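Please walk me through this structure, starting from one residue and ending with the way the chains meet.

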Number of protein chains: 2
Amino acid sequence: MNTRLYNARILTMADGFEPIWGEIWIQDDKIIYVGEEKPSDLHWDVERNVCGNLILPGFKNAHTHSAMTFLRSYADDLPLQDWLNKQVFPMEAKLTEEDIYHLSKLAYLEYLTSGITANFDMYLTPDSIVQSSIDTGFRTVLTGAVNDFSQSAALVGEWYQKYNGYHPLISFELGFHAEYTTSRNILDDLAALAHLYQAPVYTHNSETAGEVASCMEKHGMTPTQYLDSLHLFDFGGGGYHCVHFTPEDIAIFKKRSMSVITNPASNLKLASGIAPIQDILQAGVNLAIGTDGPASNNCLDMFREMFLTTALAKVHENDASAVDANAVLYAATVGGAKAMRLTDCETLTAGSQADLIVIDLNQPNMQPVNNISKNLVYSGSKQNVQLTMIAGKILYENGTFDVGTDVQEIYHTCSEITQKLKTK
Amino acid sequence: MNTRLYNARILTMADGFEPIWGEIWIQDDKIIYVGEEKPSDLHWDVERNVCGNLILPGFKNAHTHSAMTFLRSYADDLPLQDWLNKQVFPMEAKLTEEDIYHLSKLAYLEYLTSGITANFDMYLTPDSIVQSSIDTGFRTVLTGAVNDFSQSAALVGEWYQKYNGYHPLISFELGFHAEYTTSRNILDDLAALAHLYQAPVYTHNSETAGEVASCMEKHGMTPTQYLDSLHLFDFGGGGYHCVHFTPEDIAIFKKRSMSVITNPASNLKLASGIAPIQDILQAGVNLAIGTDGPASNNCLDMFREMFLTTALAKVHENDASAVDANAVLYAATVGGAKAMRLTDCETLTAGSQADLIVIDLNQPNMQPVNNISKNLVYSGSKQNVQLTMIAGKILYENGTFDVGTDVQEIYHTCSEITQKLKTK
């Protein structure tokens, strides 16, 4: 199948932040040409005149718990411990694999509306998540969520072997829930897996001040120092949140070529704090951005996260010039792909996967067009997402989805599941 | 002209936060019925089946500088003084009245996409702003912007007389730019006007730590204390920003029945700080929300501001239960109308102005519908705004505008003005 998108501003993210004018050719799931408009002998199955609008790589949602859509607007405005113990955990205990299949789909729809073309998902049942993602046509990198209460290091190892190479839209990374929920023996088993597969390891890290204080008390080290001392990061990896992060933590992340995945909306809403993004970037650590799950955010919207990444850095540093729009746009696209090891989804270049979005510049919040990346990061909104393509397939265009299932059916099923969980 | 919106969830904002099911009847610019569906003898010129979606009062943007759209994405990522002195002031010096007419229209379009039905605008040339607003069909409350460099107390008094009663969509409030830009003699003249008209007075107040420190040094009082001592607030009024606000300032606002108008996105982006919203609300002071102008925000989006109002309060108080969604939704609608003295635009009740919006709940970010106000405040997005009506007229519906001018022409004119300002 051959697709051509022409008459476009194209921000390839491979070469600065000035869009070029031209066209993109796509064959099946891959980009085969990006550049000035030129003649072609190919037959086009799909052609779109982009009308001067902007094409760029899709956003990478580098930390989420997709299936938690059932908790949206159900567990808000509560102190953190009440939120977890009275709302989240009792509801989660009732979830079935099939529930997670449907609830994940609802999240994928929302990602598509926000120009997100891949998610780095940590949740309970990889099998049903993989199926949901494939059935939708969405790209998912899963990570292990093992802790003392669910999954196991052995299962994480099995999934790592099973799901890498299983399907072009799916990959799996080693991971565990967090230092404070995971015993030493599990961590040791995971470190052994990291060495066996020479693979990176991902986890929640330093999300709250309490988490760091408790680790210091138990081990005399921050979570990053402690986990690194157990050789979990010998082949890299990443940390979700990294709010209460020290210069020593940043240095370890740099030394191990690890990624910080920031989740600013969730960190505000749960009163966790503001991450030191400027220090992280100045140290040369790769930055990625995630929405976190819908229970704690509640919107799965990369535009919100991009604005917050820069705006919170500015107020945190007391400097309106801190963390500029280009750095944020890079983190939301290339930085995310690097964190998720989606090496063929970083930029719009020949040979890369065709994971891209079209941004409608012909709307009031994008006018005038003084600067594309500033427009996207400071003024951009879901409303500007005209088209979202994953692996060469248009899954969302002008408000309409093409995801294998009728979206009304997805809404209905997820509402029924939510009612069931609330009342059972 | 008679309009009927039926098969709707309706959040009137007059009686709690649970929507009722029913319909709304509108005659010309006024609501004549809100309640359960019932037969009518009226002939309907316009009828809409809202399909179970949500109708609520339009948002009130209670502080902005609309015409600054030309500065969007032109003056970002800079220290505050460079931003003002090297970018904003030199460009503003070149603006004509006609430029401001067109640039304001671009902002009105964006307000409509975000469900905003009125704006409280402080800018240079009231005459052309009034004309732009009337020509668009948009509702504008203007406030004086007098300071040592532009306008005069006499002009503010003239405009107050001229524009109150001038047109149903327009009103004018006494105001000045800020304590730090306005000399004592002007402040005294304004206080005299406040007493003459028994009218409230509005100004930028305690936006930055530096502004407060400098006022303390000059007068031994905070800006609120100093301005109150000059009898400017004897008939109430309001403060834009109120970031570096003391308990004494809050007590004065309470005593004078004044409104705090918070601008959280702008306060982050310019590294000004986080306002003590929880203290302000707990003191019983009326809270309203504004986007500030497009130079400092840059998006004119009430959904962004609503999320930030609660999320920043949570991190500021270190308490995830601070400032709940209902309080924020109230501030964005009723609180704004109160601050702007739009007493007939507060709620959806018979006799009120028909300033309302329809929110599409049939989108992934609004599913499941566990709680309407939490959905709106935590997950809502411009993309959910299906219809925006002002004074009974539908100005925006399903992405299409009906504002008297072709929107492409507005974009084109504003781009040309921006180019001229950049190069002249």
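Leaving aside its neighbours within four places in sequence, which residues is Asn53(B) in contact with? The model shown here is predicted. In it, Asn53(B) is in contact with Asn7(B), Ala8(B) and Arg9(B), with Val358(B), Ile359(B), Asp360(B), Leu361(B) and Asn362(B), and with Gln386(B), once its neighbours within four places in sequence are left aside. Asn53(B) lies in the loop between strand 4 (46-49) and strand 5 (54-57) of chain B. Although it is a loop residue, Asn53(B) has a relative accessibility of 7% and therefore counts as buried, the limit being under 20%.

The next subject is the relation between the two chains. Chain B is superposed on chain A by a rotation of 180° with 0.0 Å of shift along the axis, and the RMSD is 0.0 Å. The two copies are thus related as by a two-fold rotation axis. Which residue of chain B comes closest to the rotation axis? That residue is Gln383(B), with its C-alpha at 2.3 Å from the axis.

The copies also touch. In the interface, 63 residues of chain B are in contact with 63 residues of chain A. Of the interface residues of chain B, 100% are also interface residues in chain A, so the copies meet through the same surface. About 4,900 Å² is buried between chain B and chain A, and carbon and sulfur atoms give 56% of this area. Asp77(B), Pro364(B) and Asn370(B) supply 14% of the area that chain B buries against chain A, more than any other three residues.

Across the interface, 24 residue pairs are in polar contact, with both residues at pLDDT 80 or more.

Which helices of chain B give two or more residues to the side that touches chain A? They are helix 2 (97-113), helix 9 (264-269), helix 11 (302-317), helix 13 (372-379) and helix 14 (407-423). Helix 11 of chain B gives the largest share, 8 residues. By residue type, the side of chain B that touches chain A divides into 28 nonpolar, 23 polar and 12 charged residues.

Conventions: Residues are numbered from 1 along each chain as its sequence is written. Chains are lettered from A and ligands numbered from 1 in the order in which they are written. This is a predicted model: local features need pLDDT of at least 70, side-chain atom pairs count only at pLDDT 80 or more; totals for chains, interfaces and linings use all residues. Side-chain values use heavy atoms; hydrogens and water are left out. Copies are superposed by least squares on the C-alpha atoms of residues with pLDDT of at least 70 in both. Contact means heavy atoms within 4.5 Å. Buried area is the accessible area (1.4 Å probe) that two parts lose on being put together, summed over both. A polar contact is a pair of N or O atoms within 3.5 Å; within protein, one must be able to donate a hydrogen and the other to accept it, and residues adjacent in sequence count only if both atoms are side-chain atoms. Helices (H or I, at least four residues) and strands (E, at least two) are DSSP runs, numbered from the N terminus. Ala, Val, Leu, Ile, Met, Phe, Trp, Tyr, Cys and Pro count as nonpolar, Asp, Glu, Lys and Arg as charged, and the others, Gly among them, as polar. Buried means under 20% relative accessible area, exposed over 50%, partly exposed in between (1.4 Å probe, protein chains only).
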